[in-house]
Amino acid sequence: MSSNGGLKGFLRKIFLVDLLEGMRLTLRYNIALARPGKPKELCTEEYPKERPRVAERYRGAPRLNINPESAETLCISCDLCALACPENLIVVTSVRDEKTRRKVLTTFTYDTSRCMFCGLCEDACPVDALELSQDFELANYAPEGAIWDRQMLEEGPAPTRYTR
């Protein structure tokens, strides 16, 4: 029996029976979808034209929130986001204002190439200055474009609109 099963398996491999069965199944589904009057059950998204829906709890591109009344960043330079980050990719620098005796944010850099979008930095912020937004288009041609400065974090990524 083992020689018969071995021969049968050998012949299936030689004549590509599994491949032909898979192609037959694919062709059957494609012909069934092409029939008029039958609803198409395709899952294809026309991505650049139609923006995909993102899950409500999706964590994407980081953003530094600004106060709408004063147009200044909400960040108080406490450095808790950098301490909470397991990848050590956030760098916050500040100077102390002599008049108000408060820290003033000078630079804020965020390396999106190493970020795992865990949300720990967002949770650690006491004033909700840093958030992970719903923006998902983070592709760059150069690694330098993945390191975002304060201005980029406040403005957020501009989505590329593809037109013909």
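Analyst: Let's begin with a term: two residues are in contact when they have heavy atoms within 4.5 Å of each other. By that rule, and leaving aside neighbours within four places in sequence, Cys-81 is in contact with Ile-90, Val-92, Phe-108, Cys-121, Ala-124 and Leu-130.

A word on where this comes from: the model is predicted, so local features need pLDDT of at least 70 and side-chain atom pairs count only at pLDDT 80 or more, while totals for chains, interfaces and linings use all residues. Residues are numbered from 1 along each chain as its sequence is written, and side-chain values use heavy atoms, with hydrogens and water left out.

Now back to Cys-81. The largest nonpolar core has 20 residues, and those that touch the most other members are Cys-81, Ile-90, Phe-108, Tyr-110 and Leu-130. A nonpolar core here is a set of buried Ala, Val, Leu, Ile, Met, Phe, Trp, Tyr and Cys residues joined through side-chain atoms within 4.5 Å. Buried means under 20% relative accessible area, exposed means over 50%, and partly exposed is in between (1.4 Å probe, protein chains only). In soluble globular proteins, nonpolar side chains tend to be buried together.

Which elements give two or more residues to this core? They are helix H3 (80-84), strand S2 (90-96), strand S3 (103-111) and strand S4 (130-132). S3 supplies the largest share, 3 residues. Helices (H or I, at least four residues) and strands (E, at least two) are DSSP runs, numbered from the N terminus.

Cys-75 is buried, at 16% relative accessible area. The sulfur of Cys-78 has its closest cysteine sulfur in Cys-125, 5.9 Å away, which is also too far for a bond. Cys-78 counts as partly exposed, with 30% relative accessibility.

Next, step into the loop between strand S1 (62-64) and H3, where Ala-71 is found. Ala-71 has a positive phi of about 60° although it is not a glycine. Ser-77 lies in the loop between S1 and H3 too, and its phi is near 60°, again positive in a residue other than glycine. Are these two buried or exposed? Ala-71 is exposed, with a relative accessible area of 59%, whereas Ser-77 is buried, at 2%.

Finally, let's turn to charged pairs. Side chains of opposite charge can pair when their charged atoms come close. A salt bridge is a side-chain nitrogen of Lys or Arg within 4 Å of a carboxyl oxygen of Asp or Glu, and the whole structure has 4 of them. One of these joins Arg-51 and Glu-137, whose closest N and O atoms are 2.9 Å apart. This pair links distant parts of the chain, 86 residues apart: Arg-51 is in the loop between helix H2 (17-34) and S1, and Glu-137 is in the loop between S4 and strand S5 (147-148). Arg-51 is partly exposed at 30%, and Glu-137 is partly exposed at 23%. Another salt bridge joins Arg-150 and Glu-154, at 3.1 Å from N to O. Both residues lie in helix H5 (residues 150-155), 4 residues apart, about one turn of the helix.

Methods: Disulfide = S-S within 2.5 Å.
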